[in-house]
Amino acid sequence: MHYGLLVKVLLLLNVYAFGLYGVDKSRAKKDQWRIPEARLLWAAGLGGSVSALLGMYVFHHKTRKRAFAWGVPAMLAAQILLIVVLTQMGIIYP
C-alpha cells in the first residue's frame, strides 16, 4: 500500500472520529440522543485515534471514562506501532 492512500484513508477516519466526539458532546449538553460509546471507540480503533484523542480534550468529553482515558491512547500507540512494522516489512511504502 502506498503512503498516499494510507494518509487519505486515515485523514477521512480522523475527520469522522473528531466529528463524532464533537457531535456527541453537543448532544450531551442538550440532553439529546447520544452516539453509542461503542461507535466512538470503533472510530478510534479503525484509525481515527489521533482525532478521537484530540476530540476528547478539545470538547472535554469522555476524559474520565477509563475505556476512553486509557483505551484511546493505547489504540493510538498500537496504530503507530502497526504502521512502523508494516513499513519495515515493506507492506507500506513511500
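Which side chains meet in a salt bridge with an N to O distance of 2.8 Å? In this predicted model, the side chains of Glu37 and Lys65 do so, a salt bridge being a side-chain nitrogen of Lys or Arg within 4 Å of a carboxyl oxygen of Asp or Glu. Glu37 lies in helix 2 and Lys65 in the loop between helix 2 and helix 3, 28 residues apart, so the pair links distant parts of the chain. Helices here are DSSP runs (H or I, at least four residues), numbered from the N terminus.

Salt bridges that share partners join Glu37, Lys62 and Lys65 into one network. Glu37 also pairs with Lys62, again at 2.8 Å from N to O; Lys62 sits in the loop between helix 2 and helix 3 (66–69), 25 residues from Glu37. Lys62 is buried at 14% relative accessibility, while Glu37 is partly exposed at 29% and Lys65 is partly exposed at 40%. Buried means under 20% relative accessible area, exposed over 50%, and partly exposed in between (1.4 Å probe, protein chains only).

The structure holds three salt bridges. Another of them joins Asp24 to Arg34, with the closest N and O atoms 3.0 Å apart. Asp24 belongs to helix 1 (residues 3–29), and Arg34 to the loop between helix 1 and helix 2 (37–58), 10 residues apart. Asp24 is buried, at 0% relative accessibility, whereas Arg34 is partly exposed, with a relative accessible area of 32%.

Residues are numbered from 1 along each chain as its sequence is written, and side-chain values use heavy atoms, leaving out hydrogens and water. As the model is predicted, local features need pLDDT of at least 70 and side-chain atom pairs count only at pLDDT 80 or more, while totals for chains, interfaces and linings use all residues.

Notes:
Helices (H or I, at least four residues) and strands (E, at least two) are DSSP runs, numbered from the N terminus.
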